[in-house]
Amino acid sequence: MESTLTMSQHIDKVVVMGNDIDRLGGIGRFMHRLSLELFNRGHTVELVGVAPAPAGHYQPMDRPQQITERTLMSSQIPEAWTLKTLEHRLNPARRLRYSRRMRLRREAVDKLRELLPQWGPNTVIICTQVYGMEHMIEAGYDPANPQHPRVIGQYHGSAREAKAIGDMRRVLQSYTGVDRFICLSAADAQEFAAAGLNNVGWIANPVALPTHDAPARRKVFASLGRYDKIKSLDYFLRAWASVADQLPEWSAELYGEGPEREALESLIRELKIPRVTLMGKTDDVGNALSSSSVHILSSQNEGLPIAIVEAGLLGVPSVAFDCAPGVHDLIDDQVDGFIVTQNSVAELADRMRALAQDDTLLSAFSQRIAESSKRYLPENVVAQWEEELRELTF
């Protein structure tokens with residue numbers, strides 16, 4: 001599809017930048033989808049990751065070779081590299097990891113220092129994460145320099161999450177002065193503006209209908225996300241444990257990978273939870289979701305969870321914790337899904353049981369969410385990104 005921007009507006013390239021390329025999770029899928037859609041609309045697109053995806057978290061995605069890919073660091077960032085305490089500073093292995101991390105950071109910054117003038121003022125960088133922006137600033141990015149690229153900054157969590165985990169200070173330091181700051185919902189835009197950011201807007205993530213083979217729908221509660229503390233999958237497991245005996249034909253499947261696998265396995269053994277499987281990482285999101293009946297999201301924080309939309313496009317309603325304003329954009333509570341009080345295992349279990357025991361309700365939710373999720377299809381979202389690009393050329 002030809003871009004709606006004219007050549008006289010001089011956008012030579014769009015750089016989509018994040019912590020890493022093709023990492024398991026929502027941001028990786030967003031970077032891939034936005035890059036692909038902008039390329040299909042006639043833009044020259046480059047994908048930039050600060051570091052290679054961590055071991056076990058790489059999820060390769062199929063893109064045209066004309067979309068350039070670049071990783072700034074030559075190897076993965078070592079774990080536990082900070083020197084925050086005296087004990088850390090006295091630990092030789094820890095100091096070695098810190099030294100390696102600093103070398104990698106210099107490597108990334110040096111490459112960005114070369115790239116910024118090469119990209120020049122006719123490039124727009126969509127910086128999807130604060131971490132990447134911090135490296136650009138260290139490399140000398142200056143929003144007042146007319147020879148530097150234009151920058152659209154993003155934060156893919158909610159403003160609530162940014163405050164809760166201490167990211168708001170980093171967001172303000174990194175994105176004050178960039179050409180535009182785009183978050184994921186109107187409510188978040190208001191909160192980020194109130195915190196001190198200017199030039200704030202919001203655009204929902206574009207989500208394509210996941211490819212799938214139309215497998216038979218099974219009586220499965222499924223989750224799709226990292227085995228990570230912020231996803232708090234233990235709440236899902238505890239809710240399932242409390243209703244499993246009442247739903248003998250149903251089971252639970254958790255797709256993902258991460259540091260909490262051992263803890264989740266331990267909880268399953270401890271509670272003797274029946275008919276639950278840690279499925280591990282999947283490269284087949286479409287079939288994983290479309291073969292399930294209900295999607296569960298038990299996170300502590302989210303931005304605009306792509307998994308809810310992907311499930312919805314396949315007619316799979318979600319039961320989700322009220323973990324971010326964006327959840328209310330995606331789910332019309334008690335109409336096409338359920339929004340549950342944060343961390344209420346009892347309420348989560350009750351909503352799961354309600355859908356499992358009422359075929360009419362489940363069918364109605366399925367039909368409604370399939371229709372309402374269409375508003376997030378790329379053709380309904382990417383035009384907003386092109387409008388942002390157009391605004392930066394005037």
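**A close look at β4**

Author: Strand β5 (residues 150-154) pairs with β4 in the parallel sense, over 4 bridges. In that pairing, V124 has R150 of β5 as its bridge partner. Two strands are said to pair if DSSP finds at least two bridges between them, and the helices (H or I, at least four residues) and strands (E, at least two) are DSSP runs numbered from the N terminus.

Before going on, some ground rules. This is a predicted model, in which local features need pLDDT of at least 70, side-chain atom pairs count only at pLDDT 80 or more, and totals for chains, interfaces and linings use all residues. Residues are numbered from 1 along each chain as its sequence is written, and side-chain values use heavy atoms, with hydrogens and water left out.

Back to β4, which covers residues 123-127. Strand β1 (residues 13-18) also pairs with β4, again in the parallel sense, over 5 bridges. Here V16 stands opposite I126 in β4.

How buried is β4? Of its 5 residues, 5 are buried, so the strand is largely enclosed by the rest of the structure. "Buried" means under 20% relative accessible area, "exposed" over 50%, and "partly exposed" in between, using a 1.4 Å probe and protein chains only. Both faces of β4 are covered: T123, I125 and C127 are buried on one side, and V124 and I126 on the other.

Now step back to the sheet. β4 sits in an open sheet of 7 strands, in the order β3-β2-β1-β4-β5-β6-β7, with parallel pairing. The edges are β3 (68-71) and β7 (200-202), each pairing on one side only. From one strand to the next, the twist averages 25 degrees; axes are lines fitted to C-alpha atoms, for helices over the stretch in contact, and angles run from 0 to 180 degrees between N-to-C directions.

Strand β11 (residues 294-297) and strand β12 (residues 318-321) pair in the parallel sense over 3 bridges, with A320 of β12 as the bridge partner of L297.

Two loops deserve a glance. S232, in the loop between β8 and α8, has a positive phi of about 40 degrees although it is not a glycine. At 5% relative accessibility, S232 counts as buried. A214 lies in the loop between β7 and β8 and has a phi near 50 degrees, also a positive value in a residue other than glycine. A214 is exposed, with a relative accessible area of 59%.

Next, a helix pair. Helix α1 (residues 26-40) packs on helix α11 (residues 306-313) at an angle of about 70 degrees, with axes 9 Å apart. That makes α1 roughly perpendicular to α11; angles of 65 to 115 degrees count as that, under 35 as roughly parallel, over 145 as roughly antiparallel and the rest as oblique. The contact (heavy atoms within 4.5 Å) is made by G26, R29 and F30 of α1 and I306, A307 and E310 of α11. As for burial, α11 is mostly covered, with 8 of its 8 residues buried.

The chain averages a pLDDT of 93, and 97% of the residues score at least 70; pLDDT is the predictor's confidence in each residue, from 0 to 100. Over residues 1-9, pLDDT stays under 50. Where pLDDT is low, the predicted coordinates should not be read in detail.
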